[in-house]
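Thank you for coming, everyone. Today I would like to walk slowly through one protein model, and I ask you to keep the picture in view while I talk.

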Amino acid sequence: HEQRDRYVRRSMEEEEWIESPDGWGKDGDGKRRNGGDDEEDAVVDLFADNDPRDCFEFRVRRHRKERDGAAAVTTKTIRLTGFKLDSGETAKSTGVTLWQAAPRLASFIMVPERASEMIAGRKVLELGAGLGLCGIVAHHLGAERVVLTDGDTNSLREMRRNVESNPRDDDGETVAKRDSICCRQLLWGSSLNDHPFKKEFGTFDTILAADVIYTEESIKLLFNTVSMLMKPDGQFVLSWLTRWNNVPTDLVLGGAEAKNMCWTQPEEGIYIMRREQM
């Protein structure tokens, strides 16, 4: 219950925020965006599946060496709860379902060579984590510490449930291990150099993000955040498959270059970005 109480205290300190594919926050008149139709315009389908909730599964494979040097593979199924892709909830908060870029990124970092280089023993941050799949997978792959973040209040609620229900096998032995994964609200564009988030967590070896670009305006905010929270020799791994609002690829890559980052594309939709070495 100690871990649950910590989640509750954190959520009480956070700002109510909503994130939809059309943008973030509040409308010009101060009302929260809901991304859906007015209630009077809704049509009720008596034969439809009226349960908007959904469950998503992902199998984690961790490769490791035994003390005698023999190779071993352990597997565990991650079970996430959220909302169906076609439910009205996803029009209000994009992060409450599982978009295709998240399992693609989780599979990408699970490859043994990448897990060793990017995840195991490292500090990992996930931006726009939604239901939390990639951060939870990084946790199970042996990251030293994982911080999952989102700005959206509804997404954070789902994320915290999923983190709590998918502990690593060695969790619970010490306070340090219980603190090896946590969830926080993080609004892009904040001045992070003197922000409590950076004071608490510092900078990260690896930053992960999956389908987090909805508008052209979000690109600068994203790369400002990455630049301030990534270690000088760190890496930003972006999985970008769902192209909302026809955001041009050149603009996204230009956002990286504006922060002196070079990039490679090892797979379709996967970009690895690192700072240019002077």
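This is a predicted model: local features need pLDDT of at least 70, side-chain atom pairs count only at pLDDT 80 or more; totals for chains, interfaces and linings use all residues.

If we leave aside the neighbours within four places in sequence, Thr-149 is in contact with Leu-125, Glu-126, Leu-127, Gly-128, Ala-129, Met-159, Arg-184, Leu-186 and Phe-197. Thr-149 belongs to strand S6, which covers residues 145-150, and its side chain reaches the backbone oxygen of Glu-126 at 2.8 Å. Is Thr-149 buried or exposed? Thr-149 counts as buried because its relative accessible area is 0%, and the cut-off for that word is under 20%.

Let me step back to the whole chain. The protein has 10 helices and 11 strands, and of its 278 residues, 47% are buried. If we take the contacts between residues at least 6 apart in sequence, 70% of them join residues at least 24 apart.

In soluble globular proteins, nonpolar side chains tend to be buried together. Here the largest nonpolar core has 38 residues, and those with the most contacts inside it are Leu-105 and Ile-109. Helix H3, residues 101-110, gives the most to this core, namely seven residues. Apart from this core lies another, of 31 residues, which includes Phe-204, Ile-207, Val-212 and Val-252. What does Ile-109 touch, once its neighbours within four places in sequence are left aside? The contacts of Ile-109 are Arg-114, Ala-115, Met-118, Ile-119, Cys-134, Val-137, Ala-138, Leu-141 and Leu-208.

Leu-105 also turns up in another list, that of Ser-239. Ser-239 is found in strand S9, and this serine is classed as buried because its relative accessible area is 0%. Beyond its neighbours within four places in sequence, Ser-239 is in contact with Ala-101, Arg-104, Leu-105, Ala-209, Ala-210, Asp-211, Gly-269 and Ile-270.

Next, the aromatic rings. How many aromatic pairs are there? The count comes to six aromatic pairs. One of these is formed by Tyr-214 and Trp-244, which sit edge-to-face, with 4.5 Å from centre to centre and 80 degrees between the planes. This pair links distant parts of the chain, since Tyr-214 is in the loop between strand S8 (204-210) and helix H9 (217-229), whereas Trp-244 is in the loop between strand S9 (230-239) and helix H10 (249-258), 30 residues apart.

Arg-53 lies over Phe-83, at 4.5 Å from the ring centre, and Lys-123 lies over Phe-204, at 4.9 Å from the ring centre.

I will finish with the cysteines. A disulfide is a covalent bond between the sulfur atoms of two cysteines. How many disulfides does a search of the whole structure find? The search finds zero. Cys-183, for instance, is in no disulfide, and the nearest cysteine sulfur, that of Cys-182, is 6.8 Å away. Cys-183 is buried, with a relative accessible area of 0%, while Cys-262, at 31% relative accessibility, counts as partly exposed.

Note on methods. Residues are numbered from 1 along each chain as its sequence is written. Side-chain values use heavy atoms; hydrogens and water are left out. A nonpolar core is a set of buried Ala, Val, Leu, Ile, Met, Phe, Trp, Tyr and Cys residues joined through side-chain atoms within 4.5 Å. Buried means under 20% relative accessible area, exposed over 50%, partly exposed in between (1.4 Å probe, protein chains only). Helices (H or I, at least four residues) and strands (E, at least two) are DSSP runs, numbered from the N terminus. Contact means heavy atoms within 4.5 Å. A disulfide is a pair of cysteine sulfur atoms within 2.5 Å. Rings of Phe, Tyr and Trp (its six-membered ring) pair if their centres lie within 6.5 Å; planes under 30 degrees apart count as stacked, over 60 as edge-to-face and the rest as tilted. A charge sits over a ring if NZ of Lys or CZ of Arg is within 6 Å of the ring centre and within 35 degrees of the ring normal. A polar contact is a pair of N or O atoms within 3.5 Å; within protein, one must be able to donate a hydrogen and the other to accept it, and residues adjacent in sequence count only if both atoms are side-chain atoms.
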